[in-house]
Amino acid sequence: MGRLIAVLLFIAVLVPGVLLARAWGLAAGRRAVAAGGVELAEPTSEGTRTLQRQARYGRRVRLLGLLLGVAGVIGSVVALAEASVFLWIPILGAGLLLGVLLAEATRPRPRWATSAPPRRPRLGDLISGWLLWTMRVVIATQVAVTVSLWRDDELTGPVAWAALVVPVVAWLLAEIALLRVLVRPLPAQGADVPVDEALRTWTAHLVAAATTVLGLLPLGTLLLRTGIDPDGVSEGYDFLPVALVAGGFSALAAGVAVTVFLLTWLRPVRSDSRALAT
């Protein structure tokens, strides 16, 4: 009976990760609609220049994130020598994702004329609120778990600081990007509205996905480590290790799934006027 309960508990803890992956799969439909609106419209010359300028800016800042990751790898080698080899991919990935977030939080404003009086979109029209609140809950959970393990001396100072600072910085950059998306007025020219909507949709999903990944992967690692380590679980709780291991697997699997969906959003918004001729 105890084994059956443990299996059911394991499956139940995996469900949130499956639901999150499904929600991001549904978000692909929103991306298709936004991209289709741009391809079927003929933006103004300023709208076309805005798309090109935004794509160049995104590539440059993401490259900066890659360089930040490389610098982190070099720093880990200096500090930990050969013991740092297992940290290279996580550090490089964190640098790349922070570059994505920094690019979206600092994108230059389009130079087209804005509507008068100013009109602004609702965030619910750009991205599912469930994805945004999941991002925030993941970061809050990651911070709480890290602080708890740090207080119990389960984490060393440098590891704990890294597990705290990276997700919190990612969350702050995401909130800045979302705020900028909301306060920017809509364009005055109707032909530029699909371009503007697509840019906002891309930004909202990119920052939500990148922040969620930066929260889920370290959270899953910490939960899995605590569940497997017999010294990290109190005696007398038969199902706590099962829940921790299941939660760790669920967070890691969901993080990998969101990473896959994030890759599909990295392609910049493009306008294809040839679609009008079909």
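**An all-helix fold and its charged and nonpolar spots**

The protein's secondary structure amounts to seven helices and zero strands, where helices (H or I, at least four residues) and strands (E, at least two) are DSSP runs, numbered from the N terminus. Along the sequence this reads as α-α-α-α-α-α-α. The model is a predicted one, so local features need a pLDDT of at least 70 and side-chain atom pairs count only at pLDDT 80 or more, while totals for chains, interfaces and linings use all residues. Residues are numbered from 1 along each chain as its sequence is written, and side-chain values use heavy atoms, with hydrogens and water left out.

How much of the protein is tucked away? Of its 278 residues, 41% count as buried. Here, buried means under 20% relative accessible area, exposed means over 50%, and partly exposed is anything in between (1.4 Å probe, protein chains only). The areas themselves come from the Shrake-Rupley method with a 1.4 Å probe, and for residues only the protein chains shown count as cover.

Helix H1 covers residues 2–40 and holds Val-33. Val-33 counts as exposed because its relative accessibility is 64%.

Next comes helix H2 (residues 45–80), which is where Arg-56 is found. With a relative accessible area of 38%, Arg-56 is partly exposed. Arg-56 also belongs to a positive surface patch, together with Arg-59, Arg-60, Arg-267 and Arg-270. A patch is made of residues with over 30% relative accessible area and no salt bridge; like charges are joined within 9 Å, and nonpolar side chains (Val, Leu, Ile, Met, Phe, Trp, Tyr) within 5 Å. For the charges, Lys and Arg count as positive and Asp and Glu as negative, while His and the chain ends are not counted. The place of a charge is taken as NZ of Lys, CZ of Arg, CG of Asp or CD of Glu.

The surface has a nonpolar patch too. Val-77, Leu-80, Val-85, Phe-86, Leu-87, Trp-88 and Ile-89 make it up, with about 710 Å² of accessible area together. Trp-88 sits in helix H3, and at a relative accessible area of 36% Trp-88 is partly exposed.

Salt bridges come up eight times in a search of the whole structure. A salt bridge means a side-chain nitrogen of Lys or Arg within 4 Å of a carboxyl oxygen of Asp or Glu. One of them pairs the side chains of Asp-125 and Arg-122, at 3.3 Å from N to O. Asp-125 is partly exposed at 41% relative accessibility, and Arg-122 is exposed at 58%.

Another salt bridge joins the side chains of Arg-184 and Asp-196, at 3.1 Å from N to O. Arg-184 lies in the loop between helix H5 (157–183) and helix H6 (193–228), and Asp-196 lies in helix H6, so the pair ties together parts that are twelve residues apart in sequence. Both Arg-184 and Asp-196 are buried.

Asp-196 forms a salt bridge with Arg-200 as well, and there the closest N and O atoms are 2.5 Å apart. Asp-196 and Arg-200 are four residues apart in helix H6, so about one helical turn separates them. The relative accessible area is 0% for Asp-196, which is buried, and 1% for Arg-200, also buried. Elsewhere, salt bridges that share partners link Glu-46, Arg-49 and Arg-53 into one network.

The Glu-46 side chain makes a polar contact with the side chain of Arg-49 (3.0 Å) and one with the side chain of Arg-53 (3.0 Å). A polar contact is a pair of N or O atoms within 3.5 Å; within protein, one must be able to donate a hydrogen and the other to accept it, and residues adjacent in sequence count only if both atoms are side-chain atoms.

Most residues other than glycine have a negative phi. Asp-153, however, is a residue other than glycine with a positive phi, near 60°. Asp-153 lies in the loop between helix H4 (129–151) and H5, and at 68% relative accessibility it counts as exposed.
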